[in-house]
Amino acid sequence: GFQTEYPGFSHQEQAWQRLSSLHKADHTLVATGTGSGKTECFLYPVLDHCARARQAGEGGIKALVIYPMNALATDQARRIAELVASVPAFAGLRVGLYVGGNTGNSASNSGEGMVMTPHAVITDRATLRKHPPDILLTNYKMLDYLMLRPKDRQLWAANQPATLRYVVVDELHTFDGAQGTDLALLLRRLRARLKTPQGHLVCAGTSATLGNAADTAPLREYARQIFGVPFGEEAV
């Protein structure tokens with residue numbers, strides 16, 4: 001489906017096969033050490049799917065990536081912008097970052113944050129509402145607002161029930177206890193709001209290396225509770 005500059009690590013190749021909407025389109029957990037390319041594991045298949053859907057004329061938000069912290073979201077947004085700019089197949093993809101802090105008001109005069117650049121995604125809120133991005137990066141608290149606030153409902157206006165195909169939660173292990181419960185309920189509400197068909201959403205999570213790599217059952221069960229979908233033994 002897509003060419004990468006370098007061949008992927010084995011865990012990346014496996015993740016790409018599992019996640020690609022041209023292949024298995026299956027729920028996947030990526031648990032590897034930091035700096036081993038976790039992000040690329042989900043990014044390539046997601047960008048690839050969004051590029052194809054966009055070419056087919058599909059509007060609306062096709063993928064949602066949820067981060068535990070704004071700093072992480074901002075850092076990844078830069079990497080994603082660089083990837084979109086460097087891979088010809090991804091040309092024209094629009095990625096939006098919607099987190100607290102960037103009110104997007106001051107930007108409107110300068111035009112900053114209104115278009116994709118080689119190092120930045122779209123952050124201007126009025127632009128994101130008027131022209132929803134293909135991929136939305138946000139945090140879980142903000143996602144709550146994006147479903148509640150009347151002015152933010154515009155973000156989802158172009159979505160048909162089958163438009164949203166991917167939900168990725170980065171650093172899944174950080175959502176513990178009450179936060180995990182919040183996130184689980186939030187994802188269920190999102191599916192109900194968008195009327196997503198059963199079994200249509202591809203769910204992915206990244207996690208720090210597991211304490212016991214041999215036994216993935218606890219992580220898979222935790223992911224099942226959060227996403228509300230099954231994660232088989234092959235999922236990690």
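**Aromatic pairs**

Reply: The count comes to three aromatic pairs, where rings of Phe, Tyr and Trp (its six-membered ring) pair if their centres lie within 6.5 Å, with planes under 30 degrees apart counted as stacked, over 60 as edge-to-face and the rest as tilted. This is a predicted model, in which local features need pLDDT of at least 70 and side-chain atom pairs count only at pLDDT 80 or more, while totals for chains, interfaces and linings use all residues. Residues are numbered from 1 along each chain as its sequence is written, and side-chain values use heavy atoms, with hydrogens and water left out.

Me: How is the pair of Tyr-44 and Phe-90 described?

Reply: A pair of aromatic rings is described by the distance of the centres and the angle of the planes. For Tyr-44 and Phe-90 the centres are 6.4 Å apart and the planes stand at 45 degrees, so the pair is tilted. Tyr-44 belongs to helix H2 and Phe-90 to the loop between H3 and S3, so the pair ties together parts that are 46 residues apart in sequence. Helices (H or I, at least four residues) and strands (E, at least two) are DSSP runs, numbered from the N terminus.

Me: Are Tyr-44 and Phe-90 buried or exposed?

Reply: Both Tyr-44 and Phe-90 are buried; buried means under 20% relative accessible area, exposed over 50%, and partly exposed in between (1.4 Å probe, protein chains only). Phe-227 and Phe-231 form another tilted aromatic pair, with 5.7 Å from centre to centre and 45 degrees between the planes. Phe-227 is buried at a relative accessible area of 0%, and Phe-231 is buried at 6%.

Me: What does Phe-227 contact, apart from its neighbours within four places in sequence?

Reply: Contact means heavy atoms within 4.5 Å. The partners of Phe-227 include Val-167, Leu-187, Arg-191 and Cys-203.

Me: Which residues have the most contacts inside the largest nonpolar core?

Reply: In soluble globular proteins, nonpolar side chains tend to be buried together. A nonpolar core is a set of buried Ala, Val, Leu, Ile, Met, Phe, Trp, Tyr and Cys residues joined through side-chain atoms within 4.5 Å. The largest one here has 34 residues, and Leu-64, Ile-66, Trp-156, Val-167 and Phe-227 have the most contacts inside it. At least two residues of this core come from each of S2, helix H6 (140-148), strand S5 (166-169), helix H7 (177-194) and helix H8 (217-227). A second, separate core of 31 residues includes Ala-73, Leu-83, Ile-135 and Val-168.

Me: Which residues of H3 are buried?

Reply: An α-helix has 3.6 residues a turn, so residues three or four places apart point the same way. In H3 the buried residues are Ala-73, Gln-76, Ala-77, Ile-80, Ala-81, Leu-83 and Val-84. Seen down the axis of H3, these buried residues fall within an arc of 160 degrees (taken from the directions from the helix axis to the C-beta atoms), so they line one face of the helix. Ala-71 and Ser-86, on the other side of H3, are exposed. The buried residues of H3 pack against helix H2 (38-55), strand S2 (63-67), strand S3 (95-98) and strand S4 (135-139).

Me: How many residues of H2 are buried?

Reply: H2 is mostly covered, with 14 of its 18 residues buried. Gly-57 follows H2 and has a positive phi, near 85 degrees.

Me: How many helices and strands does the protein chain have?

Reply: The protein chain has eight helices and six strands. Of its 236 residues, 51% count as buried.
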